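Q: I'd like a close look at one part of this model, with whatever surrounds it. Here it is.

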Amino acid sequence: MEAPGDPESPRPPGGDDSLGTAREAPRQLSREQFFTLISAASINLGSSMCYSILGPFFPKEAEKKGASNTVIGMIFGCYALFNLLASLAFGKYLVHIGAKFMFVAGMFVSGGVTVLFGVLDKAPEGPIFIALCFLVRVADAVSFAAAITASFSILVKAFPNNVATVLGSLEIFSGLGLVLGPPLGGFLYQSFGYEVPFIFLGCMVLLMVPLNMYILPNYEADPGEHSFWKLITLPKVALIAFVINSLSAGLGFLDPTLSLFVLEKFNLPAGYVGLVFLGLALCYAISSPLFGLLSDKMPHLRKWLLVFGSLITAGCYMLLGPVPVLHIKSQLWLLVLVLVVNGVSAGMSIIPTFPEILSCAYENGFEEGLSTLGLVSGLFGATWSVGAFLGPTLGGFLYEKIGFEWAAAIQGLLPLTSGLAMGLYYLLEHSRKRRYGQLFSFFFLPVTMGVEETPVVQWLSA
């Protein structure tokens, strides 16, 4: 499913021969690949629903328990901080722990702590409630980091030639979880109270554990020689990490702020607030497989999808409020439209990042195996978590100090900066390759084509 002979595409273990074999293989999924897709889809769906369920009603419940907007933002943000730390650790030691065990154990703990979150309303208000929220949220972050790091690595191991297509297709389930989580959570909260949404979803995740224990393939590999430090210090990888940071910060910013803004600005009930999130998540879920397929079919377009997706995202955050300097009246239809466009631009810029990092790692001498896949998966999760921590934390603070309109505009500066920086890097890279290509043609092409040698080539030959 990828262009033959494309140097930018991730290569499977075994070098060129195995790559040729993979291309000659039938397109029909093997039993192992099919089961891998089911397992990955289950964790994407379950974790996304459990994560997004908080948006419509938790901020209000936390306010009743004495938490300020800044503290609420920190409760959302601490998830990402510990997800960051756990992703780095699990990515490094994936081979030692075992990908399948890490996946199943992470899913089991995630389901259990989601159920525990449902009984936090029984805790006394004030510091005790806030402390328990942090504790449960941290446990959920660590368990999710384990499951998703293992999931990414297993997926890329099973589908070495179609990384972007598979990851993009599975974002349907992430998007579906983000779509279903807020309205389902809002409905269950309005109908049955605070406990039921968490207990229902937690039990649903726990029921997936035995299924994945049975069907998930088990991959074994030897530890690699390379480290996160060598990977992140590659200039291209560092810039892509900045792009991931900026995009995840923007999405994380919406968690503690958008529901409060909609409630105050448009006076919608909690059940309808969840529907506002629908446009972003649904469009992200639909667009991601398309951009993934495009990335694998035409890998040379990845860089520009990444750049223009970031710039469009920046424009969306300027219009989300909208920012007061534009003198545009805030309206519900405009807010929903901007979220729809943001969902498409998020898919455009997020999906190419993983195969771009993987290609860069292979080009710089990283071994082709589960060890490198663990490093890249852990790095992706960690860099995503940096933004997901900064977004809610900074967003809650800015919302409290300067209001949603200006806070969203400031948030938009991150994807604007990262998109421009990434675009500049790609332009310089293209210019450098073109210059090297011209030098190669000048020195060596006359010899290889059987044309009369230039004086320079004659001197080099002598």
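Leaving aside its neighbours within four places in sequence, which residues is M422 in contact with?

A: A word on the ground rules before we zoom in. This is a predicted model, where local features need pLDDT of at least 70, side-chain atom pairs count only at pLDDT 80 or more, and totals for chains, interfaces and linings use all residues. Residues are numbered from 1 along each chain as its sequence is written, and side-chain values use heavy atoms, with hydrogens and water left out.

Now to your residue. Once the neighbours within four places in sequence are set aside, M422 is in contact with K236, L239, I240, V243, L306 and V307 (contact means heavy atoms within 4.5 Å). M422 also belongs to the largest nonpolar core, a group of 46 residues, where L231, F354, L358 and M422 touch the most other members. A nonpolar core here is a set of buried Ala, Val, Leu, Ile, Met, Phe, Trp, Tyr and Cys residues joined through side-chain atoms within 4.5 Å; buried is under 20% relative accessible area, exposed over 50%, and partly exposed in between, with a 1.4 Å probe and protein chains only. Helix α7 gives the most to this core, with 7 residues; helices are DSSP runs (H or I, at least four residues), numbered from the N terminus. Apart from that core lies another, of 42 residues, with L54, V113, V136 and L216 among them.

Let's move to helix α11, which is where N245 lies. N245 counts as buried because its relative accessible area is 18%. Neighbours within four places in sequence aside, N245 is in contact with T383, W384, V386 and G387.

W384 turns up again at the largest cavity: of the 37 lining residues, S48, Y51, L178, L251 and W384 are the closest to its centre. A cavity is a set of points, on a 1 Å grid over the protein atoms alone, where a 1.4 Å probe fits but cannot get out, and lining residues have an atom within 4 Å of a point. The largest cavity holds about 910 Å³ of space, where volume is the space filled by probe spheres set on the points, and points are joined across faces, edges and corners. Helix α11 gives the most to its lining, with 6 residues. Helices supplying at least two lining residues each include α2 (31-52), α8 (163-192) and α17 (370-402).

Conventions
On a 1 Å grid over the protein atoms alone, a cavity is a set of points where a 1.4 Å probe fits but cannot get out, and a pocket is an open set with protein on both sides within 12 Å along at least five of seven lines; lining residues have an atom within 4 Å of a point.
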